[in-house]
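This report covers the nonpolar cores and the salt bridges of one structure.

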Amino acid sequence: MDPECARLLPALCDVLADPRQPVADDTCLEKLLDWFKAVTEAGSSLLLLQDHPCLVELLFHVLKPQDLSSRILSFVLRLAGIFAAQENCFQYLQGDPSLFVASAAGQLLVRVLDLALCGPAEGHISLQAWDWPACARKIVCHLEDCLRSEATPRVTQALHVLTTAFGHCHGLWTQGLWVQLSPLVARLLEKDPVPAPHALVDLLLSVARSSMLSSDPGLWETAAQTLSRLSPTQAGPLAAGILKLQDCPQALRIQAFGVLLQPLAFVLEATAQAPGMPGLLEGAAGDLMAVDTLPPSKSACVGLLCSALAHLELLQPLPQRPSPWPQAPLLAAVVAILRLCNGSAAPNSEAGGRLCAMLGGCVRVQRAALDFLGVLSQGLGPQELVTQVFAILLEYLVSPDSSPTVLKKAFQATLCWLLSSAAPPGCCDLEPYAQLVLGELLSVLRKRLCSPCWEVRDSGLEFLTQMTRHQGGQAGFRQALLASEVPELTRQLLQDPESYVRASAVAAVGQLSSWGLLAAPSSPEHAATPQKTPLEELLLVLTTDSEGFPRRAVMRVFTEWLRDGYADVAEDPERFVARVLQAASGDLDWEVRVQGLELALAFLEQLLGPCGPSAVAPPGALAQALQALCRVQLFEFAFRSLFDCDRPVAQKSCDLLLFLRAKAIPSSNSQEAGDGPDVTSVEAALRRWQAGEQGQPLGELAPEAVLAVLRSMDLEALQDTLAESSDHVERSPQSLLQDMLATVGVLGDNEADCY
């Protein structure tokens with residue numbers, strides 16, 4: 001610790017301990033807490049407390065929890081380090097109403113255990129907890145008392161402490177702790193209801209992920225009992241966590257998968273799916289649970305379905321997902337759920353009728369089901385089910401009852417299924433059924449692009465952009481798109497009143513133009529007017545749009561066009577780059593200026609090649625490239641940006657100039673003083689810019705002058721400076737301590753560092 005901080009700290013602790021003293025705001029306290037956390041984690045707490053015994057006294061004899069904000073208490077608890085094995089931390093853990101305080105106390109107990117039982121003597125630590133040091137035995141006894149308690153909050157706190165211990169500590173002592181306390185954990189399952197079910201699930205998963213403890217057979221028995229005892233909603237996170245483990249008993253995996261499948265199996269049965277459809281629980285956990293009941297309340301039923309769908313969505317892409325994966329039944333269940341939600345299902349059972357009543361119009365379930373349906377596109381399915389998938393997606397896209405968020409999810413799921421239905425590599429068309437769907441889809445898209453709701457127009461444009469990016473070269477897609485009014489509508493949306501929509505229209509126009517899919521206008525009134533090229537239209541957006549989002553989108557499109565060799569750009573890349581950089585350099589939006597530098601970097605790479613082991617460009621190519629860079633005034637933009645008031649712009653410029661220097665100047669090349677051109681005027685202009693005087697331009701620069709300036713600049717030092725936070729001096733611990741003491745008048749007038 002800095003000596004000056006050590007000198008100031010005792011006075012600050014006296015202030016914090018005195019309830020009559022005004023304390024600094026929460027921001028200062030939070031920063032102070034962060035600093036002390038770093039100090040204690042670096043192992044400095046013992047020396048700190050030895051040097052300043054008043055801090056120990058402050059913790060154990062002065063502070064009272066009710067007199068403190070939770071942040072101050074947490075800071076002191078962290079500061080205390082290994083001295084926390086006292087009666088005080090137990091009372092904090094047992095009944096403090098603040099979750100923050102309870103969490104800090106729990107973390108402190110774990111830290112004490114780890115410090116007491118780890119270290120050089122760890123190999124000699126007994127696995128029997130009663131042979132441990134006194135402070136560790138005291139903590140274990142306290143945890144045992146909590147686990148035996150009838151008060152759920154005490155059980156919860158003990159489970160949280162154990163979860164923290166097994167999740168963050170990996171010493172041999174964790175085995176002894178689990179051996180000692182696992183019977184009490186298992187005994188919680190005998191209570192009705194099971195106390196603290198969420199905390200219990202967290203603990204079991206923490207133990208299962210521990211390499212020191214996962215070999216215990218008793219763990220898996222307790223996990224299996226927990227899956228059986230908890231409700232499906234409570235057991236869902238445990239089941240999902242078990243299925244994500246790399247190694248656990250197969251019987252437990254089958255049981256866990258059955259828990260997640262149960263709600264969907266109920267849906268299939270309640271909606272009376274066609275005979276012959278494989279049951280979801282066949283081979284998974286057929287005799288585990290009955291599928292004749294769901295939670296009686298709407299909120300509980302919705303919560304259970306959404307939870308199951310979300311867990312299954314995360315499992316589907318994992319290599320350790322259950323095998324065989326019941327793709328067809330899952331598809332059927334999700335389609336059935338979506339039909340129940342939009343009212344198109346016609347169940348003929350009482351259970352199905354209840355489901356219709358509970359799920360009708362439920363946006364939350366619709367979103368979860370559409371998300372999972374999109375993920376299921378990664379697997380195969382029978383053609384009949386795929387047909388049903390496209391049918392339900394089109395129903396949602398057409399329906400006026402679909403909310404904007406549901407429409408967005410429906411577009412995303414449709415994109416996933418269309419892309420998964422693409423023909424094998426080497427073919428140029430979609431699968432026949434997907435081609436038929438595409439025609440209907442473009443008709444729906446045309447209507448949605450005219451929607452009065454801007455979110456709907458925006459979602460439609462995002463779908464079009466992604467579809468064009470992936471399918472723009474396929475003949476079937478091109479024919480269908482060019483036969484529709486969608487490209488022309490997209491162009492018109494560059495003038496949309498909503499800036500988000502204009503930005504999405506820019507991205508869509510960029511993709512359509514890249515693939516040559518922006519046809520001339522079909523209406524006579526537009527045909528009579530000279531049509532701007534897409535490049536001219538986007539340049540107009542860049543120079544005239546009042547909002548930043550569309551201008552940023554234009555810069556992203558232009559950079560992509562330059563890298564991909566878009567035809568209108570490739571005709572005269574210098575002219576294109578010069579026009580774009582001129583517009584970007586004067587833009588008030590810093591993200592536009594950063595994108596301008598990104599485009600400049602792409603131009604550099606085209607001229608000089610990517611940076612690599614043999615980075616230096618050949619002399620002939622270098623001379624031509626530097627002349628081109630001077631003609632487009634790239635250096636004027638880059639050098640100005642180097643002193644931009646927005647740090648990301650300056651950092652990007654520094655990176656660009658370092659790249660250029662690596663290409664242009666070998667590391668061994670050192671030029672004698674006086675050998676190069678006179679760059680006095682350039683360096684003077686740079687100093688003025690650094691001082692904030694941005695008016696004077698550099699004028700025409702010769703390539704030799706640019707190289708001389710690059711040689712003279714310490715770009716690495718500037719890069720290091722820019723990497724530091726803008727308030728790195730004011731955020732120092734010493735500054736914080738001075739400011740907090742100054743608020744109560746402990747420091748003299750000249751000692752505060754008020755920023």
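A salt bridge is counted where a side-chain nitrogen of Lys or Arg lies within 4 Å of a carboxyl oxygen of Asp or Glu. In this predicted model, the side chains of Asp644 and Arg593 form such a pair, with N and O 2.8 Å apart. Asp644 sits in the loop between helix 33 (634–641) and helix 34 (647–664), while Arg593 belongs to helix 31 (residues 590–608), so the chain positions linked are 51 residues apart. Both Asp644 and Arg593 are buried.

The whole structure holds 18 salt bridges. Three of them are listed here.

| Asp371 | Lys409 | 3.2 Å |

Asp496 lies in the loop between helix 24 (486–492) and helix 25 (499–514) and Arg457 in helix 22 (residues 454–471), so their bridge ties together parts 39 residues apart in sequence. Asp496 has 6% relative accessibility and counts as buried; Arg457, at 9%, is buried too. Lys409, by contrast, is partly exposed at 23%, and Asp371 is partly exposed at 23%. Salt bridges also join Arg552, Asp589 and Glu591 in a network.

Turning to the nonpolar residues, the largest core has 214 of them, and Leu177, Leu264, Phe558 and Phe635 have the most contacts inside it. Helix 16 (residues 327–342) contributes the most to this core, 12 residues. Beyond its neighbours within four places in sequence, Phe558 is in contact with Leu535, Leu538, Leu539, Leu542, Phe576, Val580 and Leu599. Another core, of seven residues, lies apart from the largest one and includes Cys5, Leu12, Leu737 and Leu741.

Notes: Residues numbered from 1 in each chain as written. Predicted model: local features only at pLDDT ≥ 70, side-chain atom pairs only at ≥ 80, totals over all residues. Heavy atoms only, no water. Core = buried A, V, L, I, M, F, W, Y, C linked by side-chain atoms within 4.5 Å. Buried < 20%, exposed > 50% of the residue type's maximum accessible area, 1.4 Å probe, protein only. Helix = DSSP H or I, 4+ residues; strand = E, 2+ residues; numbered from the N terminus. Contact = heavy atoms within 4.5 Å.
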